[in-house]
Amino acid sequence: MAARPVWESHAEVGSDASERGLGPRNPPGGGIGRGAKPPSEGIWRWGKWAIPLAVVPLLILLAYGFRTDPRAIPSPLVGRAAAPFSITLFSGGSLSLDELKGKVVVVNFWASWCYPACYEEAPGLERGWRAYRDRGVVVVGVDIQDTEEAARKFMRQFSLTFPNGPDPAGRISVDYGVYGVPETFFIDRSGRIRKKHVGAVTEAVFTGEVERLLKEPS
Amino acid sequence: MRRAALLPILLLPLLAWAAPPAGSVNEDTVRQIAAELRCVVCQNLSVADSPSEMANQMRGIIRERLQAGDTPEQVVAYFVDKYGEWILLSPRPRGFNLLVWVLPFAGIGVGLVAVLLLARRWSRRAASEPVAEAIDAATRERIRREMAELEP
C-alpha cells in the first residue's frame, strides 16, 4: 500500500469497504464516473468540463456585448414614412412637413446646451442650407428642451437662416425616436426617412446624403 | 347567492381599468407605463424614475395618449414603434432575448443538480469510510497504556 501513489489509496479504502459489505449505499458503478471508477476521479472528470462549460459561453456573450456599441441604437424609423409635424418658427409663422413634399428635407434636432456637438455642426448645416436651398432642399431645425432666449442666442451666434422652431412638449422628438442631440434625419422627396445621423453631422455626410437623395427621381 | 351578487362588484375595478372614462387619466396607469420605458437620455433609469426634462415630456405624452383613448398597451406600442424594443426596460421574451429570461433559471437548475449530486456523493463516502480502521492495534494499545498511567 505504501508503494502506491497517493491518489489510489482512497480507492483502495473504498473498494475494501464495499468488499466487506461496509458500504451498502455505494451502488456498483454509481455516480458520474464511468463504470466502477473511484468517486474522486469522477468528480475530477466532471470538474474538468464544468469550468470551460461555464466560462466559454460567458466569454462569447461578453465578446458579443463588447463588440456592440451601446450608443449606436438602430432606429426602426429608417426606411419608413417620416412622421408629419408642424412647428412654430422662431422667425414667426409655422412650417409643416406636408408643405415640403417633393423636397429633400433635412431635419436637425439640436439644443443650445448641447455643447460641443451642436456648436460643431451648426456652421456646416447653415452652409449646406445656403448651397442647396435653390435645388429643392430644406433644412429644418428642431430645438428641444431649451429656453427661447438661449435658442435665439445660439441662432444669432451662427447666423442661422434656415427655419428653426422649438418642440416644447417633446412630441416631435418622440415621434422621431430622438434620444439625444444632435440627431439629423434625411428625408427623401417621397417623405421617407432614409438616414438617421447621430452626433454632429459633418459637411461631407450632409453633402453626400443630400446629393444621393437629389439624384433619385421624385 | 351572495357570492354571485359580489362578482360584478369585484369585477368593477377591472372594467374601470380597461376602459377609463374619457378626460380623466389615472396617474397610476401613467406611472405603470412610464416604469416600463427606458428614459432615453439617462443611463438605466425608467421614464417614471428620471427627473430629466425628456422623461417629463415622455410622461406628458403617455398622459396625452391615454386621454385620447389609447389603451396602456397601445401607448407602449407607440414608443416601441418609434424607438424599437430598446425602449423597453424588460426585453420581450422572444428570439435572442429569450436567453436573458431562460439563462438565470437554467443556471440555478444546473447548480442545484450539481450540488445535489456532490452532496450525495460526499455523504456516501463519509458513510462508507471505515473510521475505526484509522487507528491500528498498536496505537490503541499505547493510548490505553498512557491513559492508565494518567489515572492510577
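Chain B of this predicted model contains six helices and zero strands, where helices (H or I, at least four residues) and strands (E, at least two) are DSSP runs numbered from the N terminus. Along the sequence the pattern is α-α-α-α-α-α. Of the 152 residues in chain B, 25% are buried; buried denotes under 20% relative accessible area, exposed over 50% and partly exposed in between, with a 1.4 Å probe and protein chains only. Among contacts (heavy atoms within 4.5 Å) in chain B between residues at least 6 apart in sequence, 41% join residues at least 24 apart.

Residues are numbered from 1 along each chain as its sequence is written, and chains are lettered from A and ligands numbered from 1 in the order in which they are written. Local features need pLDDT of at least 70, side-chain atom pairs count only at pLDDT 80 or more, totals for chains, interfaces and linings use all residues, and side-chain values use heavy atoms, with hydrogens and water left out.

Phe206(A), Glu209(A), Val210(A), Leu213(A) and Leu214(A) are the buried residues of H6(A). These residues fall within an arc of 130° seen down the helix axis, so they line one face of H6(A); the arc is taken over the directions from the axis to the C-beta atoms. The face turned away from this buried side carries the exposed residues Ala204(A) and Lys215(A). Packing partners of the buried residues of H6(A) include helix H3 (117-132) and strand E3 (104-110) of chain A.

H3(A) and H6(A) pack at about 30° with axes 9 Å apart, the axes being lines fitted to C-alpha atoms over the stretch in contact and the angles running from 0 to 180 degrees between N-to-C directions. The two helices are therefore roughly parallel (under 35 degrees; over 145 is roughly antiparallel, 65 to 115 roughly perpendicular and the rest oblique).

Two cis peptide bonds are described here for chain A: Tyr115(A) to Pro116(A), with omega about 10°, and Val181(A) to Pro182(A), with omega near -5°. Pro116(A) lies in the loop between E3 and H3, and Pro182(A) in the loop between helix H5 (171-175) and E6. Although not a glycine, Gln145(A) has a positive phi of about 45°; at 19% relative accessibility it counts as buried. Asn44(B), also not a glycine, has a positive phi of about 55° and is exposed, at 63% relative accessible area.
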